[in-house]
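Student: I am new to this structure and would like a close look at one single part of it. Could you walk me through a loop and its surroundings, and explain the terms as you go?

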Amino acid sequence: MLSASSRSLSRRCRPWTVTSSSSCSRKRIVVTSSIPTIASHRHHTSRALSTISFDAAAYFSNSPSSSSIENNNPATTITTSNNNISIEHQFTRQQAEEQINQWIKNNPLIAPYKAEECLAKLWVTQQEIFDEWAKAESSSSSSSPPVLITPNTVNLCISAWCYSNKGQIAAERAQRLLNWMENLHAPSSSSSQFASLLPQPNYQSYALAIDAWAQAAVIESSKGSAATTTTTSTTNSKSIPDATKAGFNCAKRAEELLMRMQAKHEELQRLSEITNRDLPYNSELQPDTNVFNKVLMAWSHIRGGTKASSIRAMRILDLMQELHHHQSSDAPSWQGIGLSKVQPNLHTYKCVIYAWGHASHTLEGPDRAEEILRHMLSISKAGNNLGKEVLPDEECFHIVMKSHAELVRRRGKGDISNADRARQVTDLLNWMELLAVRRTKPKIEPTTESYRIALSAWAWSHHIDAPKQVEEILFRMIRACELNRNKLRDIQNGLGSKDSFTLAVTPETKDFNTVINCCSFARGVGVPKDELDDDIKLSQQLALKETYDIAEGVSDALLSFPYAQPDSNTFAGMIRACVNLLPDTDERDVRVIDIFRLAYQTPNTAVKSSVIPERLQVPAGGGCVDANVLRQLRYAIPTSEYIRVREEYEEHRRKNSK
C-alpha cells in the first residue's frame with residue numbers, strides 16, 4: 001500500500017527528457033521518474049541492498065528493505081532508438097535528497113542507515129546507466145549520461161551520521177563515505193571513463209566528517225566515569241579512564257582528517273602553480289576557521305581532559321596563527337581589513353582556554369588558561385585588525401575563574417596554596433570590574449556568576465581569612481546590584497539609555513548562605529594545635545566571635561534585602577555558627593532559641609522540591625523550619641530546653657497550618 005506522502009509525491013513527479021544527437025543517428029533517452037521505490041535489481045530479484053559498502057559495487061543481503069518507502073509502481077525506463085533497454089531504479093537525485101532530509105528530521109537515529117541504503121541503490125543504478133550509455137554512445141560521445149549522485153547527495157548521508165549521536169560508530173561511517181568519494185577519483189578506479197561525473201569530496205564533505213569525529217570525542221569520553229581519576233595501589237599514580245582515552249583517539253582522528261584536508265589543498269595549490277592556471281576546486285577545499293574550531297572543540301571538550309589534549313589544542317592554535325600570517329599577504333582585503341580563510345577568533349581562543357581550564361590531570365592548567373586570557377587582552381589592546389574579534393567576554397573569565405576554584409576544591413583543607421588560588425580568582429573579578437568601568441565594546445562586566453565563583457573559591461579554601469574575604473565579595477555584589485537598580489529607575493524616569501543596561505548582578509539566597517556556612521565551619525582554622533595556653537585560647541575566642549559577627553551581619557542583611565529571602569538553610573547555618581563559634585554558655589542557648597523562633601515565624605518562600613523526601617521538607621505552617629533546622633537545634637541546646645522550644649514550635653505550626 002502507498003502511504004499518503006508517497007501518493008502526494010507521485011502526483012508531483014514529471015518525466016525527465018534527455019536528448020542526444022550525432023552525425024550517424026538521433027537517439028532519444030526518456031527517463032520517466034517514479035516515486036521512491038526499493039525495487040530489486042534485475043539480477044537479484046530476491047535480495048535487498050545492504051548499507052555497509054560502496055566500494056565500486058553494491059553488496060546485497062537478505063535483510064528486508066524499509067517499509068516506509070516501498071512501492072510497486074513501474075520503475076523508470078531508459079530507451080534508445082537502437083536498442084530498448086529497461087533499467088529498474090529507485091530514486092531520482094532530487095527525490096533521494098528530499099527523502100534523506102525527511103529521515104534526518106523525523107528520526108535521526110535510523111536516518112543514516114536508510115540514507116546509506118538509498119545511496120547504495122543510486123550507485124547501482126548509476127553504474128548501470130554508465131554501462132548502457134557506453135554501449136549506446138560507442139560511436140559518439142557528444143552527450144553525457146544522467147548523474148544520479150552528486151557530492152551534495154553523499155554529504156547528506158554524512159550529515160545523517162552527524163545527527164545520529166552514535167559517537168565513534170557514526171564518525172567511522174561518515175569518514176568511510178568520504179574515503180569512498182576520494183577512491184572514485186583514484187588512478188586505480190575502474191570508472192575512469194565517467195570519472196568527471198562521479199561525486200568528488202568538497203569542503204562540506206571534509207567539514208562534516210571532521211564534525212562527526214569532534215562529536216564522537218565528546219560522546220565517547222562521556223561514557224562511564226571519565227571525569228574521575230583512579231589511583232593504582234602499587235604505584236599510587238593517577239590513571240586515565242578508558243572513556244577519556246577513547247575521546248582522545250576520536251579527537252586525534254579529527255585532527256588527522258584536518259591535516260589530510262590541508263595537505264590536499266596544498267597539493268592542488270602546487271599543481272596550480274606548476275600548470276599556471278587557477279583551480280577553483282583548490283580554494284574550495286581550503287580549511288577555514290570553522291573547520292579548525294571543530295577540531296579545537298574536540299580537544300577541549302573531552303571529559304576528564306588531560307595535559308596532552310590541551311597541548312594538542314595549543315598546537316592547532318599555533319598552526320592557525322602561522323597559516324593566517326602566511327595567507328594575510330595574499331588574501332584580499334575589505335576596508336583595510338585582511339580577509340584570510342584561517343583567522344583565530346574569539347571561539348578559537350575560548351576553546352583553548354577551556355581545554356587548559358578542564359585539564360583535570362595537571363596543576364598548571366588554570367595558570368596556562370589565564371596566560372591565554374591575558375594574551376587575548378594584549379592582542380585587543382594592540383589595535384590590529386583582530387582586536388575586536390579576540391576581545392574576551394565574560395565566559396572566558398568564568399572558565400579561568402572556575403578552573404582556579406575547582407583546583408582549590410580538589411586540594412581540600414590544609415593546602416597552603418589554596419589562598420593564593422582564591423586570590424587569583426578575586427584578582428580576575430577585580431579585572432572584570434575595571435573593564436566594566438572602562439566601557440569596552442563589546443561590554444565586559446561581572447555577573448552574578450562571577451561573584452559566585454569567587455565566593456566558592458574562598459569558601460573551599462578554609463583559610464583563616466576566608467570569612468572576611470567572602471563578606472567583602474558579597475557586599476560588593478550587593479552594591480553592584482543596587483547600582484544596577486538605580487540605573488533602572490533612572491531609565492524608567494527617562495534619564496538614561498536602555499542600550500548598555502543589564503541587570504547582570506542580583507544576589508540570591510544561596511549566596512548569603514555560602515558566607516554563613518563559610519563562617520560556621522571556620523572553627524579552629526589557623527590555630528596551632530600544639531599551643532594551648534590561655535593567651536592562645538583567648539585570642540582564638542576573640543577570632544571566633546569576630547567570625548560569628550560576620551555571619552550575623554550577613555543574616556541581618558539577608559532579612560532586610562528586598563530581592564532575596566532567608567530559607568531553612570540560612571537558619572540551620574546560623575544555629576551551627578552559634579555552636580561552633582561561641583562558648584558554651586546560657587547566653588549562647590538564648591541566642592540559639594531566638595534564631596529558632598525567628599525561623600518558624602519567617603514565611604517560607606522556597607518552592608517545594610519533588611526530589612527531597614516529604615519528611616525532610618518544611619511542613620505546612622512551619623515557617624522556615626525543616627528537619628535540618630530541628631537537628632541543629634537538638635545538638636545546640638540541652639534536652640529540657642529543646643523539649644520546651646519544640647512544644648512552642650508545634651503549637652505555632654498547628655495554628656498556622658489551618
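Tutor: Let's start at H462, which lies in the loop between helix 15 and helix 16. Helices here are DSSP runs of H or I with at least four residues, strands are E runs of at least two, and both are numbered from the N terminus. The model is a predicted one, where local features need pLDDT of at least 70 and side-chain atom pairs count only at pLDDT 80 or more, while totals for chains, interfaces and linings use all residues. Residues are numbered from 1 along each chain as its sequence is written, and side-chain values use heavy atoms, with hydrogens and water left out.

H462 is not a glycine, yet its phi is positive, at about 55 degrees. With a relative accessibility of 29%, H462 counts as partly exposed (buried means under 20% relative accessible area, exposed over 50%, and partly exposed in between, with a 1.4 Å probe and protein chains only).

Two packed helices are described by the angle between their axes and the distance between the axes. Helix 15 covers residues 448-461 and helix 16 covers residues 466-492; their axes come within 9 Å and cross at roughly 170 degrees. The axes are lines fitted to C-alpha atoms over the stretch in contact, and angles run from 0 to 180 degrees between N-to-C directions. The two helices are therefore roughly antiparallel to each other (over 145 degrees; under 35 is roughly parallel, 65 to 115 roughly perpendicular and the rest oblique).

Which residues make the contact, meaning heavy atoms within 4.5 Å? From helix 15 they are T448, Y451, A454, L455, W458, A459 and S461, and from helix 16 they are A466, Q469, V470, I473, L474, R476, M477 and A480. By class, this contact has 11 nonpolar, three polar and one charged residues. Here Ala, Val, Leu, Ile, Met, Phe, Trp, Tyr, Cys and Pro count as nonpolar, Asp, Glu, Lys and Arg as charged, and the others, Gly among them, as polar.

From there, turn to R485, whose charged end sits over the ring of Y563, 4.1 Å from its centre. A charge sits over a ring if NZ of Lys or CZ of Arg is within 6 Å of the ring centre and within 35 degrees of the ring normal. Y563 also belongs to an aromatic cluster with F512 and F561. Rings of Phe, Tyr and Trp (its six-membered ring) pair if their centres lie within 6.5 Å, with planes under 30 degrees apart counted as stacked, over 60 as edge-to-face and the rest as tilted. At 8% relative accessibility F561 is buried, whereas Y563, at 35%, is partly exposed.

To compare with the loop where we began, visit N165, in the loop between helix 4 and helix 5 (168-184). N165 also is not a glycine and has a positive phi, of about 60 degrees. N165 counts as exposed, at 55% relative accessibility.

Of its 658 residues, 48% count as buried. Among contacts between residues at least 6 apart in sequence, 71% join residues at least 24 apart.

Technical notes
Contact means heavy atoms within 4.5 Å.
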